[in-house]
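Open the model in your viewer and keep a selection panel at hand.

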Amino acid sequence: MKTVELDCVGLFCPMPLVRIKRTMDGLDEGDCLKVVASDPAFEADIKAWTQRFGHTLIELDVAQQVTALLRKVA
Amino acid sequence: MKQTSTDNAQSASDASCDMQSLLAQLRQCEQSVADLKDMTDEDHMTIVVFSGDMDKVLAALFLATGAASMGCEVSMYYTFWGLSALRKKAVYRNKNLWHRMLAWMLPCGVGKLKTSKMHFGGIGPKLFNHLMKKQNVPDLKQMLELAVELDVKMTACSTAMNIMGIGSDELIDGLQIGGVASYMQRASQSRVNLFI
């Protein structure tokens with residue numbers, strides 16, 4: 001089990017999703033991914049993205065930037 | 001006493017009858033589920049890129065790469081003006097006058113596309129690219145490469161190529177040449193179908 005951090009600050013849709021998908025593909029089941037992004041669409045996007053793949057959204061912190069902590073499921 | 005045993009026999013036969021009808025219903029249900037599965041759309045997306053405008057092709061590529069990152073299998077069909085986005089060079093040999101004229105007039109590749117609004121004789125696309133670069137947004141060429149990298153299937157429409165006199169040697173590598181049948185095959189399995 002490891003936690004990988006991904007910086008998507010300054011990137012706009014769909015680039016954060018492209019990067020998250022790529023990074024997540026390289027992780028094993030149970031690993032976590034922490035993403036920080038500044039795109040205003042990211043909060044809604046990350047919810048939809050995790051729901052679609054069935055990963056767990058452990059934490060979602062919306063301040064000036066959005067920070068999401070995901071756990072990979074299968 | 002005799003009466004009771006007849007009752008028992010009767011209820012046993014009722015039970016087996018019930019069981020048989022239940023099994024029949026179950027089989028029917030299973031068949032219906034299998035039929036429904038066959039009819040359900042796959043998680044595919046198809047985009048027809050008809051426009052050769054820079055902004056529209058860019059929007060199509062944003063959608064395609066985003067959908068691919070959501071796990072969708074994406075196919076893009078380039079037709080008519082959209083073919084300009086896939087051109088890598090202009091070929092004039094062995095073409096009639098009209099086709100030579102088209103080869104000269106059509107934008108050659110994503111870098112030469114015009115904006116649908118505010119083109120201002122070429123200033124529009126330059127301004128767009130400047131703003132995109134400033135905002136860290138990939139340009140059209142990078143988006144096209146990214147789409148290919150994400151396994152977005154690119155198909156060029158053979159009829160439009162024929163009408164406009166564009167040969168496959170003029171288009172970027174890794175494309176498929178297809179017609180309505182290949183589009184329909186994919187589109188009919190797609191939940192999302194766009195025409196841009």
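This is a predicted model: local features need pLDDT of at least 70, side-chain atom pairs count only at pLDDT 80 or more; totals for chains, interfaces and linings use all residues.

Which residues of α1(A) meet which residues of α2(B)? L17(A), V18(A) and K21(A) meet T65(B), G66(B) and S69(B), where a contact means C-beta atoms, placed from the backbone, within 7 Å.

Residues are numbered from 1 along each chain as its sequence is written, with chains lettered from A and ligands numbered from 1 in the order in which they are written.

Next, select residues 15-25 of chain A, which form α1. Helices are DSSP runs (H or I, at least four residues), numbered from the N terminus. The axes of α1(A) and α2(B) are 8 Å apart at an angle of about 30° (lines fitted to C-alpha atoms over the stretch in contact, angles running from 0 to 180 degrees between N-to-C directions). The two helices are therefore roughly parallel, the term for angles under 35 degrees.

Now select residues 140-149 of chain B, helix α5. L140(B), M143(B), L144(B) and A147(B) are buried there (20 or more other C-beta atoms within 10 Å of the residue's own; exposed is 12 or fewer). Their cover includes α2 of chain B. On the face turned away from the buried side, find the exposed K141(B) and E149(B). Finish at D151(B), which follows α5(B) and has a positive phi, near 70°.

Terms used:
Two residues are in contact if their C-beta atoms, placed from the backbone, lie within 7 Å. Angles under 35 degrees count as roughly parallel, over 145 as roughly antiparallel, 65 to 115 as roughly perpendicular and the rest as oblique.
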